[in-house]
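Subject: Structure for you to look at

Hello,

Here is the structure I promised to pass on. Please open it first, then read my notes below.

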Amino acid sequence: MDTFLIKGGQRLSGSIAVSGSKNSALPILAVSLMTGEACRFGNIPTLRDIQTQVKILNTLGVETQWTGRVISTLMRDTYNSTAPYELVKQMRAGVCVLGPLLAARGEATVSLPGGCVIGERPIDLHLKGLEALGAEITLEHGYVHAKAPKGGLKGAEIYLGGKFGSSVLATDNVMCAAALAKGTTTIECAACEPEVVDLADCLNSMGAKITGAGSPRITIQGVRKLKAANWSVIPDRIEAATFVLAGAITRSPITITGCRPSHMLAMLDVLRQMGIHVERKATSLTIVPEQRWKATEVVTLPHPAFPTDAQAQTMALMSLAEGTSTITERIYPERFMAAAEMKRMGAKISVANGQAIIQGVEKLSGAEVMASDLRASAALVIAGMAAQGETLISRVYHIDRGYERIEERLRKIGAKITRVSSGQPEQALAAGG
Ligand code: EPU
């Protein structure tokens with residue numbers, strides 16, 4: 001298992017480019033199941049989760065060729081329609097093949113994803129949405145089996161809100177299934193995340209008829225067939241936010257390039273409240289360094305509000321703020337695994353009932369810590385870069401799921417971070433993502 005060794009306290013300089021969005025790429029690659037034509041997907045980040053998705057697609061009969069940032073796909077004539085446990089347990093987003101498979105083949109069998117360290121992650125909304133389109137759903141032996149009725153899926157009016165609000169991947173699954181259903185589907189309380197819009201735009205480029213993506217009401221007029229996709233995914237807003245926070249916490253005037261600041265307004269507003277100025281251009285952000293910043297309150301909610309996926313990294317910045325900050329986690333109330341590790345570095349954080357209270361301290365000190373999931377690992381990297389002395393982060397395979405060669409890229413802008421390989425194999429299980 002690999003570890004990261006970070007020598008903290010370095011100032012960063014220069015610019016760092018943002019990769020393509022993991023959470024856009026995962027469902028977008030699954031649309032290769034929905035057409036018999038060859039597809040080409042660009043700006044795909046080289047990540048462990050994308051490798052897992054490619055393996056799932058291969059199992060389902062999609063031939064793939066991965067060259068640089070492009071994945072080309074083609075459906076074979078013979079295929080099976082089962083996404084197996086050994087792959088879906090590694091990455092919960094594997095469930096996003098459910099809607100595309102059902103739409104294209106009239107049936108789909110997908111392993112139930114199982115537990116996740118960031119909290120309970122049910123798929124009831126996915127199933128409710130597909131059932132509303134007429135699918136018969138059965139759960140057996142740890143698998144979801146969905147079968148379209150004889151005449152095919154039929155458009156419907158679907159309320160897709162749950163107790164935590166909208167669901168990104170449920171919206172994706174239902175939108176994909178409805179794209180090839182008969183008639184019109186309306187999804188109410190649809191997720192508004194930019195990744196949902198990217199998927200809708202990609203499907204529309206293939207001949208789908210989807211309007212309203214990015215708003216809580218999406219309307220889908222079913223079509224009979226989809227043609228080839230030639231699509232480039234949007235930049236990763238969470239990676240961009242992570243780099244912005246890395247610049248802020250190390251008091252460094254770095255520029256984050258190739259991002260979409262318009263997807264990051266809640267994040268930028270929180271930084272403004274903390275007294276950190278960020279110069280915004282159309283596709284870049286530059287940090288104006290501050291010696292100290294103010295505490296603030298953050299509540300995570302579905303987009304366009306503050307994203308849960310940037311919460312742990314923001315907690316690292318808050319741990320060095322002047323005053324006491326709070327984070328209320330409304331998407332995954334138990335997603336505070338980074339707190340205990342940051343406390344080992346001198347942070348003062350208490351967590352109870354879905355809320356973290358972070359009393360700012362003057363300095364963090366390097367320590368041995370353990371990464372527990374994707375975003376918690378990113379938070380520890382940021383904290384380690386600001387801490388005095390050395391930080392050793394174990395289990396960094398989590399970070400490889402969502403950040404492409406992060407240590408090499410951070411090193412190029414001045415961070416002192418190295419990967420130490422133990423040579424032992426890694427057994428990755430779903431933990432965030
Ligand atoms: N939920 C339900 N029922 C469902 C589905 C979701 O109750 O059927 C609940 C969840 O338990 C959660 C809330 O609804 O409380 C929102 O979950 P959502 O379904 O939106 O999450 P997701 O689609 O499974 C995606 C991202 C996550 C990100 C969430 C929230 C991908 C591949 N994953 O997951 O990304 O946290 O949306 O924005 O798009 C990450 O990248 O680190 C990550 C965890």
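The C-alpha centres of domain 1 and domain 2 are 30 Å apart. Keep in mind that this is a predicted model. Domain 2 covers 22-232. Domain 1 is made of two segments, 3-19 and 235-432.

First, the interface. Domain 1 puts 32 residues in contact with 25 residues of domain 2. Together the two domains bury about 2400 Å², with 53% of that on carbon and sulfur atoms.

Polar links also cross between the domains. The rule finds 8 residue pairs in polar contact across the interface, both residues at pLDDT 80 or more. On the domain 1 side, the elements that give two or more residues are α12 (374-386) and α13 (397-400). That side divides into 13 nonpolar, 13 charged and 6 polar residues. Salt bridges between domain 1 and domain 2 number 3. Elsewhere in my notes is a salt bridge between arginine 237 and glutamate 195, whose closest N and O atoms are 2.8 Å apart.

Next, the ligand. Which residues come nearest to it, out of the 26 around it? They are Asp124, Leu125, Ser167, Asp309 and Ile331.

- Aspartate 124: an N or O atom of its side chain is 2.7 Å from a nitrogen atom of the ligand.
- Leucine 169: a polar backbone atom is 2.8 Å from an oxygen atom of the ligand.
- Tyrosine 332: a polar side-chain atom lies 3.2 Å from an oxygen atom of the ligand.

Over to you.

Best wishes

Notes: Residues numbered from 1 in each chain as written. Predicted model: local features only at pLDDT ≥ 70, side-chain atom pairs only at ≥ 80, totals over all residues. Heavy atoms only, no water. Domains from an automatic or database assignment. Contact = heavy atoms within 4.5 Å. Buried area = accessible area lost by both parts, 1.4 Å probe. Salt bridge = Lys/Arg side-chain N within 4 Å of Asp/Glu carboxyl O. Polar contact = N/O pair within 3.5 Å; in protein donor to acceptor, adjacent residues only side chain to side chain. Helix = DSSP H or I, 4+ residues; strand = E, 2+ residues; numbered from the N terminus. Nonpolar A, V, L, I, M, F, W, Y, C, P; charged D, E, K, R; others polar. Near = heavy atom within 4 Å.
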